[in-house]
Amino acid sequence: MTAMIEARHLAKQVATSEGQLVILKDISLSIDAAEAVAIVGVSGSGKSTLLGLMAGLDSASAGDMILDGQNLSTMDEEERAQLRGRSVGFVFQSFQLLPSLTALENVMLPIELKNDRDARRKAATLLQRVGLESRLQHYPNQLSGGEQQRVAIARAFASEAKILFADEPTGNLDAATGAKVIDLLFSLNAEFGTTLVLVTHDDRLAQRCGRLVRLVAGEITEDSVVDGVGDGVGDAAHV
Amino acid sequence: MSEHASRAAVSTATASPTTLMRVALRLLWRDWRGGELRLLLLAMVMAVTSVSGIALFTDRLERALLQESATMLAADRVLSGRQMPPREWLDEAARQGLATAEVQAFASMVFSDQANLLVAAKAVSEAYPLRGDLRVADQPFGAAYTDNAGPARGEVWVESRVLPGLGLDIGDTLYLGDGEFVVSRVLVQEPDRQQGGMMDNAGPRVLMNLDDVPATNIIQPGSRVTYRYLFAGELVVLDVFADWVREQSDGGFRLRDVRDESQEVSDALARGESFLLLGSLFAVLLAGIAIALTARRYSERHFDYAAILKTLGCTSNQISAIYFGILLSLLLIAVVVGSVLGWLVHEGILLLLQSVIPIALPEASFTPFWLGALTAFICLFAFAMPPLLALKHTSPLRVLRKDLVAAPLSTSLPYIFGIAGALVLILWYSQDVLISVILVGAVAGVALVLSAMSYLLLRTGSAAGMRAGSAWMLAMSAVRRRRRQSVLQVLVFSLTIMSLLTLALLRTDLINDWQAQLPEDTPNHFMMNISDSQVAGMQSFLQDNEVDANPFYPMVAAGLLTVNGAPAPHPWDDDDDETGRSTMTERAGAEQPDDATSDATTETAADGSARPQRVENRQVTWTAQLPPDNDVVAGSWWGDDSRPGRVSVEQDYAERIGVSLGDELVFRVNEQEITAVVDNMRTVRWDNMQPNFFFIFSPGTLDHLGATYLSTLLLEGEDKLLLNDLLRQYPTIVVLEVDALIEQIQSIIAQVSSAIELIAALVLVAGALVLLSCVNATLDERFRENAILRTLGAGRKLIMTSLLIEFAFIGLLAGVIATIGAELSLYYLQSEVFQQTFSLHYWVWIAGPLAGTVIIATLGFTATRKVVNSSPLAVLRQLSA
Ligand SMILES: Nc1ncnc2c1ncn2[C@@H]1O[C@H](COP(=O)(O)OP(=O)(O)OP(=O)(O)O)[C@@H](O)[C@H]1O
Ligand SMILES: [Mg+2]
């Protein structure tokens, strides 16, 4: 099976007033289709940056990033946007719903952008799947954080993406709500057979993924199969 | 549709234009409901409304005025001259499809069996009048009705006054030259009563049939007759015909319209138009600023949208397409709503003005709507497009890192677009380089002064803040923290206040000027050709009849021969085309029966060669009292203790002939040479329809040279009958009746004044909109800041006071700059465009800054009070979402 996501010697540095700041150095990582990978690390270790690079939201300073068989490093932002539209879904810590659109319209958006006439029905089905069938016409600011994140999850799966990137999806939620949201995320992930890349501080959450990648100061210090949940897909290897 | 089919329909192709448009429309609709777009749309609607409304109004008013003025001519165009223009021209005009008529006017004595009277005779062809109506009555001073047929052959229509003057009744016989006529009607009103030379109006009117003229033998070679050909028809045809005439006559004859005929009317119209233009320019400019501000705020709020859309797979171009779609829809709505509102506004004005514009207005053309739409389009592209298109540069990474700068795009780009757009708008719209230059100069000047001034003031503000109370400190640090924004705010506020001040002051000055020009009690009759011995008698006659007498000015024709020994130059050589100013006095005096305007004498020039010098005769006077509306600007008025041999010269005229104080002028008056020294210079109100003189001599200089006297009277309605008694007692005097003309000018001025008031009000609305959007533009940031301040423990009162101080300070700054800007632009506008004399408006120097402080403080405080009144928690939650 070919890798769905493959990073080869990926590096990222930015120019700051105090000179070059190295955020990521020499990251190599391969994630297969339908795998669930947790990226963990302390704050500032470069998790979000890595996620952004893998998802094609940003371009690397060096190295290659191959997503769904296509090399992001050779693509411009327009092409990457199209690739995102086709293959990638997101869930963010701060939900990132469009505040002026209703829950239904937020979920409809990625479906519509694929010129699908059936957007309304599909979106309603997904919202029903995340348990928000009675909140279709509500605006984000009328929903609680957990509900907003469920809408965001519905939207992420609405695009029928092959890969789902989630950056601390429970970071803004209390433990109980967070757990519910995570249950939902994993069950949908299994249902759709999506590849999941999840950034988190939360060790218990990380345990639910089949594989754990630890970042320390921009480098991978650990890449291991997680016991108990592992389905045998991931490579267990210490770096 | 089955799951399978729909899946098949989902190609890998990216979002189609229709999809993007659907998304755009949904965002538009949702943002509208959320109130996001209201100010932006309002600003655009305002731009369309003001432009189309003003254009509609001016379009229709302009045509109405032209139509009304056409009745002043009894035609659309008039060709006139002392010689009869070629007859074939009438045929040519008819061939081109114009209606034509012919008029001959001359002064003549008419007789009855008992008496005689000098009348202004006018012979007209069948078709006369082409425009307007002849109003007649069957009794002197009887009820008037319309009869446009004109007198039949052998009949005359006469003004009421003629009948008692000659001791005649309707049906009696009147003699004119060798002709014998039955008086069949009383003439109450003719549309072109005031046209032609003043001599054509010296005395009451006798209207006769053109075909009767030859039989009277009254027109001999050398007789003073004014020939007029009248034309009416489509504007395009008239223009074609005018060109044809110009070619035929080598410029000797010219088709005139009302603007050529009445300096007063054309001045009022020209100034009114300039004002309307300026007003709508300001309105558009302000609306443009409002659009720019609101669009900027809208786009700032949409950076997150753009980032999220990008994570969902939208490319930059698709994001541009979405926001382009939103703008285009906004434009469409704004154009439709604005056009409807513009129509309503102009209908509203017309309703208000019904009493002043009694005539039915012609239908409006479609041009104003195009103008409005085009303006909105340009505004949109110049002001709203740049910030919205900057959205496409949003990094999608923003979804992960909020702190990423919103617009990597250079921030000066939108301004460059805006400035270029404004320039194009102003130039295209005004088609008037002068006004454009002044306007652009004013704006640029304000921006420049502002940058320097606010930089300095904001700095000193910090120093003062250290010593003052903490609310002041908080306010000043807020101003400095948002220095860029504060400067922008001061700029916008001062531009707005400047526009409003400029228009308000200009409006007041114009209207005051007009009221001073022709006040209600403007004398409307000129009495001339009064001999020295008649003056005292006439004065007591007027007193007996309780009519206010005005000064009697002695008047004599004087030709300026030399200035300090050198031949006098001619300031205005072309006396037929009236390129120079001609006063009522000149017009009247020049037409006195035996008085030629200029004559040729042979003078020996300085170089010894003999050549004929044309001497320009001016009607001059002498007096000890400075006439009203005259101001001495150099030297001093001689007053009662004058010495003979002094002359006072009108300033502009003195400049043209190169005369200064102390120069020695030699005049020829009645074949005698008179020497006088220039004692002072005056300015004169030429448009007040009163006796005005280029030269006024000191008493004793010309007294012996046989002057006649000139005076004026205010006679209205029945009082006019007094003229008969007066003329019976003093049959040799000449009375010019200008009451109809003055009334007409007053009515046109009233119309233009109302239009001006309205435009000023419209601009006020536009200005308020700008102020509002400018205050709103900083609202988000204020919410966040004040929430943080309050969580840090700052009290409500402290924050409120500091808000008040902040806005008051910005308002004061804007008020001061606006006042300077307004006075400066007024100076250029009044001296270059409106031909008014500029004087500083002292009260504005207090009122401007004060108004700026109060208005901005109130507005800003009211708008931001909710910042303080909402709970900090709610604010922080709202903003982080
Ligand atoms: N564009 C940038 N400019 C400057 N510094 C940056 C930029 N992007 C990231 N950084 C820095 O790189 C480091 C890693 O950032 P990143 O957001 O990836 O951390 P993280 O692991 O996601 O942390 P957290 O758990 O707090 O979200 C941080 O110190 C951050 O300040
Ligand atoms: Mg992070």
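Me: Among contacts in chain A with a separation of 6 or more, what share comes from residues 24 or more positions apart?

Reply: This is a predicted model: local features need pLDDT of at least 70, side-chain atom pairs count only at pLDDT 80 or more, and totals for chains, interfaces and linings use all residues. Residues are numbered from 1 along each chain as its sequence is written, chains are lettered from A and ligands numbered from 1 in the order in which they are written, and side-chain values use heavy atoms, leaving out hydrogens and water. Contact means heavy atoms within 4.5 Å. For chain A, the share from residues 24 or more positions apart is 65%.

Me: Is T170(A) buried or exposed?

Reply: T170(A) sits in the loop between β7 (163-167) and α6 (175-192) of chain A. Beyond its neighbours within four places in sequence, T170(A) is in contact with G178(A), I182(A) and L205(A). Its relative accessible area is 14%, so T170(A) counts as buried.

Me: Which residue forms a salt bridge with D58(A)?

Reply: A salt bridge is a side-chain nitrogen of Lys or Arg within 4 Å of a carboxyl oxygen of Asp or Glu. In this pair the closest N and O atoms are 3.3 Å apart, and the partner of D58(A) is K12(A). The two are 46 residues apart: D58(A) is in the loop between α1 and β4 (62-67) of chain A, K12(A) in strand β1 (residues 3-16) of chain A.

Me: How much area do chain A and chain B bury between them?

Reply: Contact joins 38 residues of chain A to 35 residues of chain B. Buried area is the accessible area (1.4 Å probe) that two parts lose on being put together, summed over both. Carbon and sulfur atoms hold 56% of it, and the total is about 3500 Å².

Me: Which residue of chain B forms a salt bridge with E105(A)?

Reply: Chain A and chain B share four salt bridges. E105(A) and E112(A) are linked with R22(B), R26(B) and R30(B) in a network of salt bridges. At 2.7 Å between the closest N and O atoms, E105(A) pairs with R30(B).

Me: Which element gives the most to the side of chain A that touches chain B?

Reply: The elements of chain A that give two or more residues to this side are α1 (47-54), α2 (77-87), β6 (88-92), α3 (103-112) and α4 (119-129). With seven residues, the element that gives the most is α2(A).

Notes
Helix = DSSP H or I, 4+ residues; strand = E, 2+ residues; numbered from the N terminus. Buried < 20%, exposed > 50% of the residue type's maximum accessible area, 1.4 Å probe, protein only.
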